[in-house]
Amino acid sequence: MGICNGKQDDVQYLVVGHIAKDITASGYVSGGAVYYGSVTAARLGFNPAILTSCSPDFSFPSELENCPVRFSVSSLTTTFENIYTGASDPKDRIQYVHDIADPVSLSVLPEAWTRVPILHLAPLLDEIPIQIIDKFPDSLVVASIQGWTRRVGENGRVYADKWDGTEFLPHIDVAICAEQDAYDENDISRWRKLSKVLIVTNGRYGARIYSDECNFKSESINVAEVDPTGAGDVFAAAFAVRLFETEDLQEASDFASVAAGLSVKSQGVSEIPSRMVVNTFREKLS
């Protein structure tokens with residue numbers, strides 16, 4: 001077991017999945033939904049923790065210096081390369097994976113963390129064992145399902161493939177995916193039937209929220225976009241936090257749309273907003 005920051009108590013937001021290295025023109029940077037989700041939770045005032053799998057020489061970024069981490073020791077750290085062929089639109093992204101870490105092991109999960117208010121399942125490449133859900137009976141369980149819909153093809157090219165979803169979707173509270181994570185429209189229709197709440201994000205075109213009680217669209221905000229990487233992960237984390245606080249799908253999605261929109265104004269996590277910044281922006285919109 002690897003440990004980064006020894007704290008175990010007072011964790012409010014546990015995010016599970018591979019932390020990643022992203023290849024950029026200036027070298028490696030941290031990436032993945034685990035990274036963006038934990039930073040977002042912290043900026044919104046929730047104490048995050050991470051359960052992951054990576055090589056022991058992985059250098060956790062400074063933004064996580066106060067975030068407790070438990071990791072399964074792997075010979076590799078998952079490494080992605082994102083290539084945007086259009087105007088930074090997620091639909092125009094070509095993604096490659098160069099290295100893949102071992103699956104996350106539940107043997108490194110501290111007992112104290114099974115009582116967290118929010119569990120965020122954030123797989124990158126199907127690395128989370130399904131047994132994890134049974135360990136969190138009292139948590140709000142939110143899942144970014146992209147890592148279950150992805151497959152790796154020739155030369156490490158990542159692509160969307162059919163995913164049944166029956167193992168996971170009926171057992172989680174909120175499932176979140178991007179439109180491009182679906183192989184076809186039939187996937188989204190099937191996931192809607194299986195999910196308590198399904199959210200389908202579509203970058204600058206907003207997000208659709210589906211539940212038994214209501215279906216509606218949450219609009220995105222108009223900002224000067226620099227880097228859309230991680231915006232969906234920011235949306236997921238902000239949505240989870242606000243839904244836990246309010247139990248209101250519309251409020252949570254509107255809040256998350258602003259948080260995600262503000263996050264794309266620069267590279268990396270530097271523009272992921274605080275709660276005060278999100279609230280101030282929303283006040284100006286009203």
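Of the contacts in the protein chain with a separation of 6 or more, what percentage comes from residues 24 or more positions apart? Such residues account for 61% of those contacts, where contact means heavy atoms within 4.5 Å.

Before going further, a word on what you are looking at. This is a predicted model, in which local features need pLDDT of at least 70 and side-chain atom pairs count only at pLDDT 80 or more, while totals for chains, interfaces and linings use all residues. Residues are numbered from 1 along each chain as its sequence is written, and side-chain values use heavy atoms, with hydrogens and water left out.

Let us start with the whole chain. The protein chain holds 6 helices and 16 strands; these are DSSP runs numbered from the N terminus, with at least four residues (H or I) for a helix and at least two (E) for a strand. Its radius of gyration is 17 Å, close to the 19 Å that the globule rule gives for 286 residues, so the chain is as compact as a globular protein of that length. Here the radius is taken over C-alpha atoms, and the rule is 2.2 Å times the number of residues to the power 0.38. Along its principal axes, the C-alpha trace spans about 45 × 40 × 35 Å. Of the 286 residues, 53% count as buried, meaning under 20% relative accessible area with a 1.4 Å probe, protein chains only.

Now let us visit a pair of strands. Strand β5 (residues 48-54) and β6 run parallel, joined by 5 bridges; two strands pair if DSSP finds at least two bridges between them. Within this pair, Cys54 stands opposite Val73 in β6. Strand β6 (residues 69-73) is mostly covered, with 4 of its 5 residues buried.

Next comes helix α3 (residues 185-194), where you will find Ile188. Ile188 counts as buried because its relative accessibility is 7%. Leaving aside residues up to four places away in sequence, Ile188 touches Ala182, Leu198 and Val200.

Conventions:
Buried means under 20% relative accessible area, exposed over 50%, partly exposed in between (1.4 Å probe, protein chains only).
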